[in-house]
Amino acid sequence: MASTKDISTASGEKNWDRFIVLMQVILPLAALVLGTITVLWPFLNDQEVSFTLSTEDVAQGDTAVHMTNLHYVGTDAINRLFHVEAATGLQENPSSPRVRLNDIRAEMALDETGPAKVQARTGIYRTKENTLSLVGGVHFNTGSGYKLDMAGAEIDLKKHIATGQGAIQGSSKLGTLEANRIVIYADTEEAVFEGGIKLHIEPKRPENN
Amino acid sequence: AQSVLKSHDTYQPIDISADRLEMKQKQGRAIFRGAVTVTQGEMTFSSETLTVFYASNTESEKPSISRLDAEGTVTLVSKTESLSGDWGVYDVDERLITIGGNVTFRQGESILKGKRLEFDLVSGIAKLDGQSGGTDGRVKGSFSVPEKDK
């Protein structure tokens with residue numbers, strides 16, 4: 001005969017039995033699902049992580065030509081050499097006749113005197129007209145004795161003419177000078193200065209006195 | 001009265017200011033225009049235009065200045081005298097300044113007028129001559145005797 005204790009545990013055992021039967025089904029199923037996920041994860045991953053680019057915010061193709069260590073060489077009407085060097089250059093597009101330059105050095109060969117040299121921080125070189133517009137830290141050194149600093153200058157590399165402006169200071173064969181504007185004709189060794197001219201001359205003292 | 005320009009050193013530095021300057025390196029000429037003012041030591045020179053004749057020397061940086069030609073209301077001023085005329089020539093090597101046209105020479109109280117004046121920068125003495133032509137070519141002048149201090 002079943003003791004009373006037995007009856008109470010009987011129902012407990014029936015619950016337990018049902019739990020066990022349930023677990024026999026759920027557990028393998030869970031294992032199966034987890035297994036497939038871990039196996040397929042990399043592939044599932046791609047689909048979810050990938051993104052698509054919207055076409056609007058893609059930047060326009062940059063057709064500008066960026067250059068470094070540029071070196072332009074040319075000759076003037078009677079075959080005298082000039083060359084333009086720059087650390088970096090930028091052309092809107094390969095066919096554009098204007099090149100924006102940085103850290104520029106230009107030199108023009110002259111007949112009687114040494115070459116005329118000019119330096120500047122930035123500028124634009126017009127390849128067709130062979131002219132240079134210079135801005136910032138312009139320094140001029142011509143064979144005929146001019147060593148001048150100025151704010152800006154325009155150089156015609158073929159005609160060997162330079163116009164400068166902005167706090168011109170420096171020295172010439174006659175003495176140190178200041179002016180507001182200047183035009184130098186390198187071939188004829190002539191220069192016209194305008195505006196607030198100041199010239200300091202140290203005359204040479206002849207030996208006998 | 002003793003002129004302060006006596007034995008003036010014509011090779012001391014020269015400072016020139018003007019509105020415009022044309023430098024012709026090959027011809028060795030520098031042409032200044034517009035309110036030209038030249039100062040050298042005790043002397044100040046001014047005119048409408050000024051041409052400096054110079055030669056640049058390759059070895060020494062210093063140029064040799066030979067002459068300064070001034071034109072148009074030329075004045076020369078120092079502490080002891082002031083001169084004016086229509087043109088002026090400063091010969092650096094000869095140490096001589098010549099002023100021409102209607103020349104006025106003021107020294108202290110005395111005023112002299114004439115056609116042409118030569119100012120010798122060694123002796124500090126001015127020679128004024130009234131050339132023929134013009135009114136009567138004679139030098140006109142007024143001298144004042146300094147008061148005796150009573």
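How many helices and strands does chain A have? Chain A has one helix and nine strands. Helices (H or I, at least four residues) and strands (E, at least two) are taken as DSSP runs and numbered from the N terminus. Along the sequence of chain A, the elements follow the pattern α-β-β-β-β-β-β-β-β-β.

The model is predicted: local features need pLDDT of at least 70 and side-chain atom pairs count only at pLDDT 80 or more, whereas totals for chains, interfaces and linings use all residues. Residues are numbered from 1 along each chain as its sequence is written, chains are lettered from A and ligands numbered from 1 in the order in which they are written, and side-chain values use heavy atoms, with hydrogens and water left out.

Chain A comprises 209 residues, of which 30% count as buried. Buried denotes under 20% relative accessible area, exposed over 50%, and partly exposed the range in between (1.4 Å probe, protein chains only). Among contacts in chain A with a separation of 6 or more, 36% link residues 24 or more positions apart. A contact requires heavy atoms within 4.5 Å.

The size of an interface is often given as the accessible area lost when the parts come together. Here, about 2,600 Å² is buried between chain A and chain B, with 55% of it on carbon and sulfur atoms. Buried area is the accessible area (1.4 Å probe) lost by two parts on being put together, summed over both. A:L174, A:P203 and A:K204 supply 24% of the area that chain A buries against chain B, more than any other three residues. The contact involves 28 residues from chain A and 31 residues from chain B.

Three salt bridges are found across the interface of chain A and chain B. A salt bridge places a side-chain nitrogen of Lys or Arg within 4 Å of a carboxyl oxygen of Asp or Glu. The side chains of A:R205 and B:D9 form a salt bridge, at 2.8 Å from N to O. Eleven residue pairs are in polar contact between chain A and chain B, both residues at pLDDT 80 or more. A polar contact is a pair of N or O atoms within 3.5 Å; within protein, one must be able to donate a hydrogen and the other to accept it, and residues adjacent in sequence count only if both atoms are side-chain atoms.

Strand β9 of chain A (residues 190-201) gives the most to the side of chain A that touches chain B, with twelve residues. Ten bridges join β9(A) to strand β1 (residues 14-24) of chain B, and the two run antiparallel. Two strands pair if DSSP finds at least two bridges between them. A:L199 has B:I16 as its bridge partner in β1(B).

Within chain B, B:S3 lies in the segment before β1. B:S3 is buried, because its relative accessible area is 5%. Beyond its neighbours within four places in sequence, B:S3 is in contact with B:T80, B:E81, B:Q107, B:F119 and B:G124. B:S3 and B:E81 are 78 residues apart along the chain, with their C-alpha atoms separated by 7.3 Å. A polar atom of the B:S3 side chain lies 2.9 Å from the backbone nitrogen of B:L5.

Chain B also pairs its own strands. Strand β3 (residues 43-55) and strand β4 (residues 64-77) of chain B run antiparallel, joined by ten bridges. B:T44 stands opposite B:V77 in β4(B). Nine bridges join β4(B) to strand β5 (residues 81-91) of chain B, again antiparallel. B:R67 has B:D91 as its bridge partner in β5(B). A hairpin through three residues joins β4(B) to β5(B).
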